[in-house]
Amino acid sequence: ILKDFNIDTKEYPIPYIMAIVSNTKENDLGPEEFVEIEGMTPKTKVIYNVYKEYQARLKKNNAMDFDDLLRYALHVLRDNEDILREYQRVFSYIMVDEYQDTNHIQYQIIKLLADVHKNLCVVGDDDQCIYEWRGADIRNILDFEKDFPQAKVIKLEQNYRSCGNI
């Protein structure tokens, strides 16, 4: 896309564009919402055009990237109550490991699915959030008790892998 649009990859490196598009998707924003929030500048115009074309090419190829898989799964659940109810029925118990590494869309999916039965178990360590570069939101684990006030927190403070306490 950058080549097709004659975009200088020194000014707009591919990892830079990819990170912005991915971050935008992780915030459940399409190209139009991106520009609405960021405003139309020369830089945002380039990103907008690349993002828009990227989505068009994914659609043309009947494909999705990882961010789209999460984003569209959220949309299906959020926008179709009958589908949401069916998955809430099927998933009466939910366990999420490495909860500190979930992003906002994953958090919303988990919250929707756990809303009926309230049988949610998450495991995580707020000191080990390693995927912030990939959209992980440490607030998901830090705010867990606020978001799920009926939760029982069990702290595992004994370290069995090495000497001393955690």
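**Figure 1. Lining of the largest pocket by residue class.** The lining of the largest pocket in this predicted model comprises 13 nonpolar, five polar and 10 charged residues. Here Ala, Val, Leu, Ile, Met, Phe, Trp, Tyr, Cys and Pro count as nonpolar, Asp, Glu, Lys and Arg as charged, and the others, Gly among them, as polar. Local features need pLDDT of at least 70 and side-chain atom pairs pLDDT 80 or more, while totals for chains, interfaces and linings use all residues. Residues are numbered from 1 along each chain as its sequence is written, and side-chain values use heavy atoms, without hydrogens and water.

Figure 2. Of the 28 lining residues, Gly124, Asp125, Ile154, Lys155 and Leu156 lie nearest the centre of the largest pocket. A pocket is an open set of points on a 1 Å grid over the protein atoms alone where a 1.4 Å probe fits, with protein on both sides within 12 Å along at least five of seven lines; lining residues have an atom within 4 Å of a point. Two or more lining residues come from each of β2 (120–122), α7 (139–142) and α8 (144–147). Strand β2 gives the most, with three residues. Helices (H or I, at least four residues) and strands (E, at least two) are DSSP runs, numbered from the N terminus.

**Figure 3. Helices α4 and α5.** The axes of α4 (residues 66–79) and α5 (residues 81–90), lines fitted to C-alpha atoms over the stretch in contact, with angles from 0 to 180 degrees between N-to-C directions, come within 5 Å and cross at roughly 100°. Helix α4 is therefore roughly perpendicular to α5, a term for angles of 65 to 115 degrees. Val76, Leu77 and Asp79 of α4 meet Glu81, Ile83, Leu84 and Tyr87 of α5, where contact means heavy atoms within 4.5 Å. This contact has five nonpolar, no polar and two charged residues.

Key
Parallel < 35°, antiparallel > 145°, perpendicular 65-115°, else oblique.
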